[in-house]
Amino acid sequence: MMRKLAFVLALLPVAALAATPEDRLSEVFQAIEANRLDDAMAGVDDLLREHPNFRLAHLVRGDLLLARGRALQTFGNVVKTVPQGKIDALRDEALARLRAKRERPADDSLPRNVLQLNAQQKHVLLVDSRRSRLYVFANEGGLPRYVADYYVTLGKNGIDKTREGDQKTPLGVYHVTANLPRSKLTDFYGAGAFPISYPNEWDKQRGRNGHGIWLHGVPSDVYSRAPRASDGCIVLANSDLQTVAPMLQVGLTPVIIAEEIEWSDARSVEAERGSLAAALEQWRSDWQSRDTARYLTHYSKRFSSGKQNYAAWAEHKRGVNAGKRWIEVGVDNVAMFRYPREGDFVVVTFEQAYRSDSLKNTMRKRQYWIREEGAWKIVYEGAA
Amino acid sequence: MRVLATLLAVVLGIALPALADDLDEASRLLKAGQRDQALERVNRVLAQKSGDPKARFLKGIIFTEQGNTKDAIEIFTKLTQDYPNLPEPYNNLAVIYAGQGQYDKARAALEQSIRTHPSYATAYENLGDVYAKLASQAYDKALQLDKSNAGAQNKLSLVRELVGGPATAVAAAKEPAKPEPAKPAVAAVEKPAAEKPAATPAGDPGEVLKAVNAWAQAWSKKDADAYLASYDKDFKTPGGESRPDWEKARRERIAAPKSIAVAVEQAKVTMQGNDQASVAFRQSYRSDKLKSSSRKILVMTRADGRWLIREEKAAK
């Protein structure tokens, strides 16, 4: 197994300058594949000198030592009887780390989820649960540019959180809601913690509950944890969290968690963004026109504001719009994210400047758009 | 090994004949377990020729066997400095370090030993064991397991016989004998004649193990006479009590339970010369009153062709 893994890795170009612990572990595997066992040993010794709590590296070191005396049967060739789960967890981590490198998205590919970032959002985080990976993209003129990616630990029971205590990581589009400093946390959370906005409006509509989904670090006695070990949180190595932390903006930075990130290209993303932007613009201008029937064509029959269903919403809007002599709606600073796993489903957040002959109101608004019979419709709308 | 012997002859062939006799005698005394006397002889040699490498080497071994590891380390370390081309002092240093659980140091010393002498088989064998130990420690760290019975099973071999004529070989611990189930040992007891060939040329680990199994069998049968007969006349009683007191206590303990079953498991025999061996094993003891399992070491000695228990101790 070890040889096989290392072989796969050998096909990958390894960034020469980047010497993250994971890169160095990869080099160790490469050395093993090339049968340069002394180099591998030296590499893993170096790595452990700097990261003595990197348990996976200890496992590899054990294999390297054992291999000097006998042929290895397997990766993580622990001889004595130990809880199998512990070895499996480390093997899973090794696989996740190596696979993330092997299945690295092409240089020019973009995550399909990020249609548009607003001007304030400097970065966006995407979690690919299948790869146990967190991808960081920077905002370059509204479009994402790849920055880095990191191994992450997710919920013990996997993904798609539905209720309190299910030890799953939610799937959806969230954002960072707070920055809890290290001084206020126990050692368990490591270098820091950033709660995210689970459950969001859509989760609540579907009756999903629970709370306290955070991005956080690891206890000081480990370098990393198994791929599936948290109570639903997204857990990074402390050094990785420290690198990511300065990029996070409370109330702004999106955190998109998907079972598997769909990689796309700039043209397709732009096409989808364009179609949504057009729908949004049409919605805006139809609202301004005070033609309530046309305005309401943008809403799905399944619409809910949380308080009002479609019928109640329609009636309310008819009443309000009828009394106006003029309406002006400004839409600015738009962010659009395709929701994971729900098909054509997009979260749109923007600043809305509403003015009429009787009212002036500026707010941050969030809408969930779904494509029904080829047309984009709003299924939820509310203050962000 | 022949390469080694020649080389040693060159390097060490400087001892004066009279002193060489003293050393041979010291070596013989050590083999017979008379460490204090052996030390006396060695010191006599060193008084006349303080730098003699053979004498110093032997002194290091005596210290090691006396459990005086600090002085043993000092002697072997000094030897590696004075005779950097000799692989044995490195090897013996490694064995001591390994015994202390310092496997990284042991590894360094053995690698040095091999660098000195690439064909030095004992160091390779020991190094294999040290790597296995280090691997085990690495796995423990990987899996966050408790460190358990570190150093309990050391099949590392200490090079004892640097001195002496053609037997410049090493008392390497060979593959541990396969633990035999306790029952077949009955046969061994029933035909003691087979054990008697006084002329058995070399110490046979299988014979040692048979004796241990016979001892366990006698105990299980509550046969106190046969049980006590397994012990050498110079047996070191555990609490230093007199032999009659100890025998009396043992008879009482053996008589008390209605039934006893003792099994010897995972036994490893380490030969130390032809007439000395130590056997490390897991002893599972079950009586109607008590059930226990513990690691034990029996130091065995051969007298008149019979392997007898010289020392009985709990393994750490």
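**Close-up 1. An open antiparallel sheet of 4 strands in chain B.** In this predicted model, the strands of chain B line up in the order 1-2-3-4, and their pairing is antiparallel. Strand 1 (260-271) and strand 4 (306-314) of chain B stand at the edges with a single partner strand each, so one side of each has no neighbour in the sheet. Going from one strand to the next, the twist averages 30°.

**Close-up 2. Strand 2 and strand 3 of chain B, side by side.** Strand 2 covers residues 276-287 of chain B and strand 3 covers residues 291-303. The two pair in the antiparallel sense over 11 bridges.

**Close-up 3. The largest nonpolar core, with 133 residues.** Phe337(A) and Ala94(B) are the residues with the most contacts inside this core. Helix 8 (residues 121-143) of chain B provides the largest share of the core, 10 residues. Another core, of 21 residues, lies apart from this one; among its members are Val212(B), Trp215(B), Trp219(B) and Val269(B).

**Close-up 4. The surroundings of Phe337(A).** Here we set aside neighbours within four places in sequence. Phe337(A) is then in contact with Asn113(A), Val114(A) and Leu115(A), as well as with Val173(A), Pro254(A), Ile256(A), Val346(A) and Val347(A).

**Close-up 5. Gly274(A) and Leu115(A).** Gly274(A) sits in helix 8 of chain A, which spans residues 266-289. Is this glycine buried or exposed? Gly274(A) counts as exposed, because it has 11 C-beta neighbours inside 10 Å, and the cut-off for exposed is 12 or fewer. The C-alpha atoms of Gly274(A) and Leu115(A) are separated by 8.9 Å, although the two residues are 159 residues apart along the chain.

**Close-up 6. Where chain A meets chain B.** Across this interface, 16 residues of chain A are in contact with 12 residues of chain B. On the chain A side, helix 4 (55-67) and helix 5 (84-102) each supply at least two residues. Helix 4 of chain A gives the most, with 8 residues. By class, the side of chain A that touches chain B holds 9 nonpolar, 3 polar and 4 charged residues.

Conventions:
Residues are numbered from 1 along each chain as its sequence is written. Chains are lettered from A and ligands numbered from 1 in the order in which they are written. This is a predicted model: local features need pLDDT of at least 70, side-chain atom pairs count only at pLDDT 80 or more; totals for chains, interfaces and linings use all residues. Two residues are in contact if their C-beta atoms, placed from the backbone, lie within 7 Å. Ala, Val, Leu, Ile, Met, Phe, Trp, Tyr, Cys and Pro count as nonpolar, Asp, Glu, Lys and Arg as charged, and the others, Gly among them, as polar. A nonpolar core is a set of buried Ala, Val, Leu, Ile, Met, Phe, Trp, Tyr and Cys residues joined through C-beta atoms within 7 Å. A residue is buried if 20 or more other C-beta atoms lie within 10 Å of its own, exposed if 12 or fewer, and partly exposed in between; C-beta atoms are placed from the backbone. Two strands pair if DSSP finds at least two bridges between them. Axes are lines fitted to C-alpha atoms, for helices over the stretch in contact, and angles run from 0 to 180 degrees between N-to-C directions.
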